[in-house]
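Visitor: Please take a close look at one loop of this model. Then place that part in its wider setting.

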Amino acid sequence: MVEISNIGPLGDNNGGNGSKKTDEKKSTEVRTSAFDDYKEHKRKAEQEFNDFRNEANSNYESFRNKAERKYEDFRQRVMGKFEQTVNSHTPSDETIKNPPKSRRDEINENYAKALADPNNWEVLTLHEGIKSPLVDKPKTPPVYNPEQSEATRTPEKVEDTKPTTEVVNNTQPEAVNQKKPQQVPMNIISRDGVIGKYRITPGSNGEGFSLATNMSVSGGGEAKEFFRLNGNKGNEIHYNKDNKRYTFRGIQSHDMSFLQSRMTMASQSVSINNAIYNDLLQKQKNGVELSDAEKSFIKYHLENIDRYGLSVDNEGNLINKSE
């Protein structure tokens with residue numbers, strides 16, 4: 001039983017005395033109807049699920065049966081062809097006893113027959129070789145004579161008789177006493193941070209010069225002020241938009257850092273060469289005749305610094321060409 005209470009302004013349902021009223025019949029009907037609806041819904045749901053499951057199982061069994069029949073048909077066809085292939089390639093007893101010859105076997109048989117045929121061979125007679133004459137061991141070792149090389153030496157005729165050996169009694173032959181040409185000594189210099197040794201010799205084929213140095217340069221050397229950025233002295237880096245190159249005293253590069261590295265190398269090289277140049281000038285002042293190689297170096301040095309816009313004064317100091 002469900003009690004339904006509705007409190008109005010006077011404490012009742014319809015403005016009466018406010019007593020409770022019970023509607024048993026309506027509540028029971030509503031509850032019975034809801035339970036029946038749930039049972040009906042459950043029954044329908046279970047029936048739909050069972051129908052779906054039965055249909056799915058039926059479809060699966062049908063698909064599996066078809067697949068098994070298809071696989072069995074395929075297996076029978078393959079096995080039939082395999083058995084036919086095996087039967088067709090199974091050698092007979094005669095073939096097993098006398099197998100066919102391969103191409104290699106035929107070649108080997110033909111080669112063996114050719115070796116066995118005496119008409120294919122030429123009989124040669126071997127003769128004893130000519131023995132070299134025995135020569136006694138010399139008592140002194142032979143001495144090389146540069147004036148008589150292997151190319152110009154006349155071969156001696158070997159006689160059948162036992163030859164005699166010439167004994168060299170001179171323990172100090174002329175070839176041993178000949179001294180090698182003395183090497184040009186190194187010249188020692190020290191000028192404006194350049195310290196070391198140098199040697200100038202003729203170049204290849206006696207033309208030009210060959211320079212050997214063992215130098216150290218400290219502080220950039222004498223040429224440092226000419227290869228250092230300084231707007232007041234014209235030492236500026238220029239950029240060419242056409243070829244996209246940086247330029248400094250004729251030195252060019254697409255990269256600024258590489259250009260500055262080449263500037264440092266040029267400063268050290270010019271400083272070393274100018275120190276050598278001044279040492280040669282001092283030799284001239286002392287009355288020493290310069291060699292052709294040394295004169296060639298002086299010409300090279302002046303032409304080299306000219307492309308950097310530099311020159312030398314009467315004292316041998318580096319200066320700008322415009323000065």
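**One loop and its setting**

Guide: Lys-244 sits in the loop between strand S6 (238-240) and strand S7 (245-248). Helices (H or I, at least four residues) and strands (E, at least two) are DSSP runs, numbered from the N terminus. The model is predicted: local features need pLDDT of at least 70, side-chain atom pairs count only at pLDDT 80 or more, and totals for chains, interfaces and linings use all residues. Residues are numbered from 1 along each chain as its sequence is written, and side-chain values use heavy atoms, without hydrogens or water.

The backbone at Lys-244 has a positive phi of about 55°, yet Lys-244 is not a glycine. Most residues other than glycine have a negative phi. Lys-244 is exposed, at 54% relative accessible area. The classes are buried (under 20%), exposed (over 50%) and partly exposed (in between), with a 1.4 Å probe and protein chains only.

Asn-205 also has a positive phi, about 60°, and is not a glycine. Asn-205 belongs to the loop between S4 and S5. Its relative accessibility is 78%, so Asn-205 counts as exposed.

Three strands make an open sheet in the order S3-S4-S5, with antiparallel pairing; two strands pair if DSSP finds at least two bridges between them. S3 (187-191) and S5 (209-217) are the edge strands, each with a single partner, so one side of each has no neighbour in the sheet. Neighbouring strands are turned by 25° against each other on average, direction ignored. Five bridges link S3 to S4 (residues 194-202). Asn-187 has Tyr-198 in S4 as its bridge partner.

H5 (residues 256-285) lies across S3, S4 and S5, at about 70° to S4. Axes are lines fitted to C-alpha atoms, for helices over the stretch in contact, and angles run from 0 to 180 degrees between N-to-C directions. Ser-267 lies in H5. Ser-267 is buried, at 5% relative accessible area. Leaving out residues up to four places away in sequence, Ser-267 touches Gly-220, Ala-223, Lys-224 and Phe-227; contact means heavy atoms within 4.5 Å.

Next, the charged pairs. The structure holds seven salt bridges, each a side-chain nitrogen of Lys or Arg within 4 Å of a carboxyl oxygen of Asp or Glu. One of them joins Arg-43 and Glu-40, with the closest N and O atoms 2.4 Å apart. Arg-43 and Glu-40 are three residues apart in helix H1, so about one helical turn separates them. Another pairs Glu-289 with Lys-295 at 3.4 Å, N to O. Here Glu-289 is exposed at 62%, while Lys-295 is partly exposed at 40%. Lys-321 and Asp-306 form a further salt bridge, 2.7 Å between the closest N and O atoms. Lys-321 follows strand S10 (318-320) and Asp-306 lies in helix H6 (residues 292-306), so this pair ties together parts 15 residues apart in sequence.

Finally, the whole. The protein has six helices and 10 strands. Of its 323 residues, 16% count as buried. Its accessible surface is about 26900 Å², and 50% of that belongs to carbon and sulfur atoms. Accessible areas come from the Shrake-Rupley method with a 1.4 Å probe; for residues, only the protein chains shown count as cover. Among contacts between residues at least 6 apart in sequence, 43% join residues at least 24 apart.
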